Amino acid sequence: MTLDLTDDLTDDLTDHPAVAYRPPLRVVPHVPERDLPAATAAAAAFLTALGVPLDSPGMAASPARMARAWSEMLSPRAFDLTTFPNDDGYHELVLGRSLPVHSICEHHLLPFTGVAHVGYLPGDRILGLSKLARVVELFARRPQVQERLTQEVADWLHTHLAPRGVGVVIEAHHQCMSLRGVRTTEATTVTSAFHGALRDDAAARAELLGLVGGSRP
Ligand code: ZN
């Protein structure tokens, strides 16, 4: 089953008196203290060292903008991981398809962007649907490699939601491959990570991969 992520289950269920309420887990990412003036000075020094003039009206404030932009790209938002009892005994696959991925490769500090497909087989709890995208963001907004990002999303859901199975597939385009080096403009990189029944049961995993494959143009 594929669910539309614009349809957030959270509001409907919290208003429903028959559903036992459990306080959501507040996820507050650790974001280190930011020194924006120091980052601005460093950005100016970096650009100057590369021969980029900063004395035009258009570029005078660019080091400060660069510092703010990078600070934002490295800061995941806090969120509530809202889960609900699986009272209806829904045991089929829940899949969030084409969730946005915006990350930065830790080798070149260039963006890599794409989509994540995150599926799970519910156990005792189900998850507010918009939260799958927040979990991806939690691990994407930091210097990353795609393989580790994929594994961290799968591991985190495995730990915090305790489903019967988790599967994560990420397809991304790396600017460090398209803008420099081999300059492969069309290439995407696909990575996957599985836990539980989605790792051990070939039919369950094939169902997830079939639905993911159907999302491609
Ligand atoms: Zn890179």
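Me: Which residues touch the most other members of the largest nonpolar core?

Reply: A nonpolar core is a set of buried Ala, Val, Leu, Ile, Met, Phe, Trp, Tyr and Cys residues joined through C-beta atoms within 7 Å. A residue is buried if 20 or more other C-beta atoms lie within 10 Å of its own, exposed if 12 or fewer, and partly exposed in between, with C-beta atoms placed from the backbone. Here the largest such core has 34 residues, and Ala 116, Val 136, Val 153 and Val 168 touch the most other members. The model is predicted: local features need pLDDT of at least 70 and side-chain atom pairs count only at pLDDT 80 or more, while totals for chains, interfaces and linings use all residues. Residues are numbered from 1 along each chain as its sequence is written.

Me: Which element gives the most to this core?

Reply: Helices (H or I, at least four residues) and strands (E, at least two) are DSSP runs, numbered from the N terminus. Helix H4 gives the most, with 6 residues.

Me: Why does Ala 133 count as partly exposed?

Reply: Ala 133 lies in H4 and counts as partly exposed because it has 18 C-beta neighbours inside 10 Å.

Me: With which residues is Val 168 in contact, leaving aside its neighbours within four places in sequence?

Reply: Two residues are in contact if their C-beta atoms, placed from the backbone, lie within 7 Å. On that basis Val 168 is in contact with Ala 116, Val 118, Thr 150, Val 153, Ala 154, Ser 192 and Ala 193.
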